[in-house]
Every structure is written in structure tokens, then in C-alpha cells.
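Subject: Model handover

Hello,

Here is the model for your files. My notes follow below it.

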Amino acid sequence: MARLNYNHLHYFWAVARDGNLTRTAETLGVSQSALSLQIKKLEDRLGQQLFERRGKQLVLTEAGTIALDHADVIFAAGDEMLATLSDRGDGRERVFRVGALSTLSRNFQAAFLKPVFDDGVRASVRSGSLAELTTLLQAQKLDVVLTNQAAASSEDTPWIAHPLAEQTVELIGYPGRGRRGASVKHLLTQEPLILPSKDSGIRHSFDALMAVLLIEPKIAAEVDDMALLRVLARQDVGLAVVPPIVVRDELASGRLVEVAELAGLTETFFALTMPRRFPHPALERVLRNRDLELASQRTDA
């Protein structure tokens, strides 16, 4: 099967974006007849008519619209390749592609990305399961994956896990929820609890702690969405079992308060990356920034 001629595609793409054959020919420095011939060759190759004339205007057919969508992707990828591998680009930095575990705290994601936004870099954030995101990472379709789940590296999964931050897990609730000075054991047995879902790292540690303490907690809700967990805590459904960063804004405003710390329970946030010769410049900056913050946390601890 003959390969696609990308010169033909580029001529089509230029005309489709401009909408005027004469003007495009002048811009490209070719004759109208040569430009029309290149587009005709592409149509013959695809077996589809890409334009139809309406008066003096060239209008894309349905096939032309589909071809333009693909051409946009192809030439955008080419621009990104040049920006990545050449220092002769136009000065624009390529998109920083981030994968984030779908259950990960939105506040943490925003804090991680802040240096990127401060530098004016455009970010693309995709949510998904750890398996989905690490597959995209290995295929070099993501620059980094943010997760709070341990992800061991191996020959088949050669990523690097960068620890970014570690936070204690606390009981957090509506002001007045939980008797002041009550013991943690009393709170866990007498107050309704809002827990992360059973497939989360926090939940595994929490269930292990309950087994050690011989406690049967009162579970009001189990959710895998941290945003929903925040809403339920604000509605006073019960005490939420979360790291403070998840409800940072609510704690700052006083809508929620820290009731008790769950000793020994922590959540660790990781950035997974692949060893690459040309890592995204923004990745180096955010990892350097988070490493400094983590070092500070350890010093203060």
C-alpha cells in the first residue's frame, strides 16, 4: 500500500485553513494550477473529494473536514517534535502532559502544577486509573503521572517514582462535630465516618489500624471522589478521614476543622516519570520545586 504524500497533505491543509486558493498559492509561492494539482493528487490517493466550489469559495466536504482534523493533529505533532528536538523553535514551549489518578486530591494537583502555570506553560491534565495512566506514560503520551499509590518499578515498568510530599491523615469535620477532647477511639466508634473507597491506600491503612485497635467504625459513606468527600464533610454527614490538603480551603475558611490526628496514618504523593533523553523542561522545574518542599517538610518534622 502506497504511503501518504505529506507534501500533498500540507498543500490541502494550507488551503483548507485559509479557504482561498489564490491567496494560499501566493502565500506558498506556487501557481494556482500547481496547488490545485497537488490537492487533486491527494483526492485521488484518498478516493474522496475534499472540496466543493460554491461560487468563488472552496468549501470542505465531509471527507475534507475529516482530513483536516487529521492534518491538524499531524502538523501539530510535527511542530511539537521540532520544539522538543531542536533549539531553533519559535520560542513556544510544548504542552506539559500530566496524568493524575482519578481519586487524587484536586488541591494537590493544583499545588503541583502551580510552577508550570507561573511560567506560562500550557498544561494538559488527564485523569484515569493507575494502569491506564502508566500505559500512556510508557508510550510517551504523558510527561508525568501523579499518584498516591505505590507503583513498583521493574524491567517491564521502568518508571521512576519521585516522592513529592507526605501528609498525616486526620479526622476532619464540621465545627462542633466530635466532642472536644474526646479520645480518637471514642471518635472512631461513636461518630459516623466518611471514608475513602476500599481500593485507596489510605483506606488500606485505616482498615489495618481498626483491626489493631479492635474497633468497628461507624461508616456513613465510602467514596472514591475527593471532591464528593469534601462536600459530604461540609454537609456534616460525618467525620472525614483525609489528609488536610484535600480540604485545605475549607480549613482556612473555618467551614471544617481538624478534630484529631490518626497516628501512624499518612498519605504519600508520587510523581512517576520515565527515563528520557529529552524530558519536558517544566518537569524538571516542578520536581525540583517539590523536592525542595519535601526537604523542608522533613527538616521541620
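Residues 24 or more positions apart make up 72% of the contacts in the protein with a separation of 6 or more, a contact being heavy atoms within 4.5 Å. This is a predicted model: local features need pLDDT of at least 70, side-chain atom pairs count only at pLDDT 80 or more, and totals for chains, interfaces and linings use all residues. Residues are numbered from 1 along each chain as its sequence is written, and side-chain values use heavy atoms, without hydrogens and water.

Surface next. Of the 301 residues, 42% count as buried, meaning under 20% relative accessible area (1.4 Å probe, protein chains only). The accessible surface is about 16,800 Å², by the Shrake-Rupley method with a 1.4 Å probe. Carbon and sulfur atoms hold 51% of that surface.

The protein has 11 helices and 10 strands. These are DSSP runs, numbered from the N terminus: helices (H or I) of at least four residues, strands (E) of at least two.

Eight strands form an open sheet with mixed pairing, in the order E4-E3-E5-E10-E6-E9-E7-E8. Two strands pair if DSSP finds at least two bridges between them. E4 (123-128) and E8 (218-223) stand at the edges with a single partner strand each, so one side of each has no neighbour in the sheet. Neighbouring strands are turned by 25 degrees against each other on average, direction ignored; axes are lines fitted to C-alpha atoms.

E6 (residues 160-173) and E10 (residues 257-273) run antiparallel, joined by 12 bridges. Ile160 stands opposite Thr273 in E10.

Helix H5 (residues 106-118) lies across E3 (96-101), E4, E5 (144-147), E6 and E10. H5 runs at about 170 degrees to E3, with angles from 0 to 180 degrees between N-to-C directions and the helix axis fitted over the stretch in contact.

Best regards

Technical notes:
Buried < 20%, exposed > 50% of the residue type's maximum accessible area, 1.4 Å probe, protein only.
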